[in-house]
Amino acid sequence: MDAIVAMVYALILVWGAAWGSFLNVVVYRLPAGLSVVRPASRCPSCSTPIAWWQNVPVLGWALIGGRCWTCKAPVSLRYPVVEAVAAGLTLAVSVPWVQAHAGVELDLGPAIAGALCEQALVLTLLAIALIDADTFLIPDVLSLPLPLLGVVVAVFLGEPRAVSWQAAAMGAGIGGFGTLAVQWGYSAMTGREGLGTGDVKLLAGLGAWLGPAALGPVLLLGSLQGLLFAGGMAMVGVRLAEERGVGSLRHVALPFGPFLCLAGIEWLLLGRQWLPQLQRLLGA
Ligand SMILES: [Zn+2]
């Protein structure tokens, strides 16, 4: 049994890395309005088509030494990193499903269904985070399906996902309309836009997938990590303020989406353990 489970985990890693490779294409082409399926990938410098073996996730980049095989233009380290992160996240969300259903008999159906749904969620969040970091925009094609899919998935997925479809619908409503209210209030008071409409759809999606109880912690975690990141950037002397063409750090536009995605993934991976402890702590 252990050998089978180990083999399943290895297969999931390869599967996740392949999706990471596709995400690199999506993140590059979607904001540019290009097709994500064709043509096949080419070197952006010399347009030479990329051979299949160079496209093998992580390994391909290492084999070509981080440079285009033909013109020697550097290939960003971000590509293999995204592939490795996608592989790791795909495995991390799948492990609880495999463990929950790999008891006496391996019940593959529910394990695969649950793992695939949560893989789709973390990979979509990874794509949203990267595109928002690059362009300050979250494409509707990625964020709009999230609230609806979160509710649909909650209808038929059982343990270890403990979000009922009623909770998912409530989470989508609170996440979406709550954020809209905060957005209106903030812009009425300051005359500036604090949260983008992309963030509203993203929070509705996170509310649907993670449940209403996750929204507070996710917002808090996302904000804290965003602040830490901004502080870190200021401390290491990266002149983000000047780069963005704004005067002071208080007005620096830092996309919130990547930090919300990060917090959502953290909650998905660890929140199941955190929430009962948090409730105990608050109850005591
Ligand atoms: Zn080239």
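Is Phe-136 buried, partly exposed or exposed, and how many C-beta neighbours lie inside 10 Å? Phe-136 counts as partly exposed, because it has 16 C-beta neighbours inside 10 Å. A residue is buried if 20 or more other C-beta atoms lie within 10 Å of its own, exposed if 12 or fewer, and partly exposed in between, with C-beta atoms placed from the backbone.

This is a predicted model, in which local features need pLDDT of at least 70 and side-chain atom pairs count only at pLDDT 80 or more, while totals for chains, interfaces and linings use all residues. Residues are numbered from 1 along each chain as its sequence is written.

**Confidence and overall make-up**

Confidence is lowest in helix α10 (residues 240-243), with a mean of 58. It is highest in helix α5 (residues 140-143), at 94.

The protein has eleven helices and zero strands. Helices are DSSP runs of H or I with at least four residues, strands are E runs of at least two, and both are numbered from the N terminus. Of the 284 residues, 34% count as buried. Among contacts with a separation of 6 or more, 68% come from residues 24 or more positions apart. Two residues are in contact if their C-beta atoms, placed from the backbone, lie within 7 Å.

**Helix α8 and its partners**

Helix α8 (residues 197-210) meets helix α7 (residues 165-190) with axes that come within 6 Å and cross at roughly 155°. Axes are lines fitted to C-alpha atoms, for helices over the stretch in contact, and angles run from 0 to 180 degrees between N-to-C directions. The two helices are therefore roughly antiparallel. Angles over 145 degrees count as roughly antiparallel, under 35 as roughly parallel, 65 to 115 as roughly perpendicular and the rest as oblique. Contact residues of α7 include Gly-171, Gly-175 and Gly-176, and those of α8 include Leu-203, Ala-204 and Gly-207. The contact residues divide into ten nonpolar, six polar and one charged. Here Ala, Val, Leu, Ile, Met, Phe, Trp, Tyr, Cys and Pro count as nonpolar, Asp, Glu, Lys and Arg as charged, and the others, Gly among them, as polar.

Helix α6 (residues 145-156) also approaches α8, with axes within 7 Å and a crossing of roughly 10°. That makes α6 roughly parallel to α8. Leu-146, Pro-147, Gly-150 and Val-151 in α6 meet Lys-201, Ala-204, Gly-205, Ala-208 and Trp-209 in α8. These residues divide into six nonpolar, two polar and one charged.

**Backbone points to check**

Most residues other than glycine have a negative phi, and most peptide bonds are trans.

| Residue | Phi | C-beta neighbours inside 10 Å |
|---|---|---|
| Lys-72 | about 65° | 13 neighbours |
| Phe-136 | about 65° | 16 neighbours |

Lys-72 lies in the loop between α2 and α3 (78-101). Phe-136 lies in the loop between α4 (108-135) and α5. A cis peptide bond joins Arg-38 and Pro-39, with omega about 5°. Pro-39 lies in the loop between α1 (2-29) and α2 (59-63).

**Leu-224**

Leu-224 lies in helix α9 (residues 212-235). Leu-224 is exposed, with 12 other C-beta atoms within 10 Å. Leu-224 and Phe-259 are 35 residues apart in sequence and 8.8 Å apart in space, C-alpha to C-alpha.

Definitions and conventions: pLDDT = per-residue confidence, 0-100.
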